[in-house]
Amino acid sequence: MSDRKNLLSIQDLTIDDVENIIKLAGQYLKNEAANGHILKNKAVINLFFEDSTRTLVSFEIAAKSLGANVITLPIKSSSINKGENLKNMVKTLNAMNPDYIVIRQKNSGILNMLAEHVSCSLINAGDGSSEHPTQALADYFVISSNKKQIKDLKIVICGDILHSRVARSNIRLLKMFGAKICLVAPPTLICRYFPEVDSVHYSLIEGIKDADVIMLLRLQKERMNNGCFIPSEREYFRLYGLDLRKLSYAKPSAIVMHPGPINRGIEISSDIADNVILQQVKFGLAIRKAVLHYYSSC
Ligand code: NCD
């Protein structure tokens, strides 16, 4: 069992941790979890330096519904704009004795360093291109609810893999449970160093054959620094956008996932149903309740 103080990356979780969190999330989804006040008298600070809809709102609803006092710091009017650096800001907030800091920020992989300066639980809500563990837990929960087992499922992750923290966390988590991971992307948007990956394709039609799960990713323009990674969005959609014709190469039972925000007409066509995508949002809320609950005993 992990030390259960911080959730910074999938590597912080054992198989037991994942199973316990999913079990708790299942109870929250069915309103069966008895702990509406599990976070009573606890404080949760949401510190989001990058834009967010799903993750921020679901952490806020989750924490409030478990009885916590929740502070979502308005970054644009915070002292970071007076030159305070991230480490000092986090140390300052920690001095107010919160129980959790839920943090999203644009630098990859600095949360381990920040964690050394706080006594509360630090929960990663997305750090640069590095990790987004609660999104991967939500995606795992959706896949395991729609499929009999994760082991040997063919899971195709398609899109801007190079810049995607969702891809990295999902690859690590799904591999722990024996999924077969296939990456599909233009050569400019793939990262070659993925020891866990089973295959890499530059053609969506090739990669998608017999897929059980297709996970689409947004082009992360905010991380491209105006670099030229694709000829045009139109060309990207022609080659890598999922439409009904390309989807017909997957198994008929395949599910189509997307962590959101979705850009229809770029990574997915408008005629593809979004029922599983909305399930990811709903299950994401249950996962955030479960994560806050699970880490409440540290
Ligand atoms: C993702 C993120 O922020 O990493 N969204 C999310 O949390 N649901 C993916 C994205 O922004 O494309």
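How many of the five residues of strand β6 (residues 180-184) are buried? Four of the five are buried, so the strand is mostly covered, where buried means under 20% relative accessible area with a 1.4 Å probe and protein chains only.

## Basis of the model

The model is predicted, and local features need pLDDT of at least 70, side-chain atom pairs count only at pLDDT 80 or more, and totals for chains, interfaces and linings use all residues. Residues are numbered from 1 along each chain as its sequence is written, and side-chain values use heavy atoms, with hydrogens and water left out.

## Strands β5 and β6

Strand β5 (residues 154-158) runs parallel to β6, and five bridges join them; strands pair if DSSP finds at least two bridges between them. In this pairing, Ile157 stands opposite Leu183 of β6. Helices (H or I, at least four residues) and strands (E, at least two) are DSSP runs, numbered from the N terminus.

## Helix α6

Nine of the 12 residues of α6 are buried, so the helix is largely enclosed by the rest of the structure. Among the buried residues are Arg165, Arg168, Asn170 and Leu174.

At the N-terminal end, Ser164 caps α6 through a side-chain oxygen 3.2 Å from the backbone nitrogen of Val166. Such a polar contact is a pair of N or O atoms within 3.5 Å; within protein, one must be able to donate a hydrogen and the other to accept it, and residues adjacent in sequence count only if both atoms are side-chain atoms. Just after the helix, Gly178 takes a positive phi of about 85°.

## The loop at Ser78

Ser78 lies in the loop between β2 (69-72) and α3 (86-95). Ser78 is buried, with a relative accessible area of 8%, and a polar atom of its side chain lies 2.8 Å from the backbone oxygen of Ile75.

## Gly26 in helix α1

Gly26 belongs to helix α1 (residues 15-29) and is buried at a relative accessible area of 15%. Although Gly26 and Ile287 are 261 residues apart in sequence, their C-alpha atoms are 8.4 Å apart in space.

Conventions
Buried means under 20% relative accessible area, exposed over 50%, partly exposed in between (1.4 Å probe, protein chains only).
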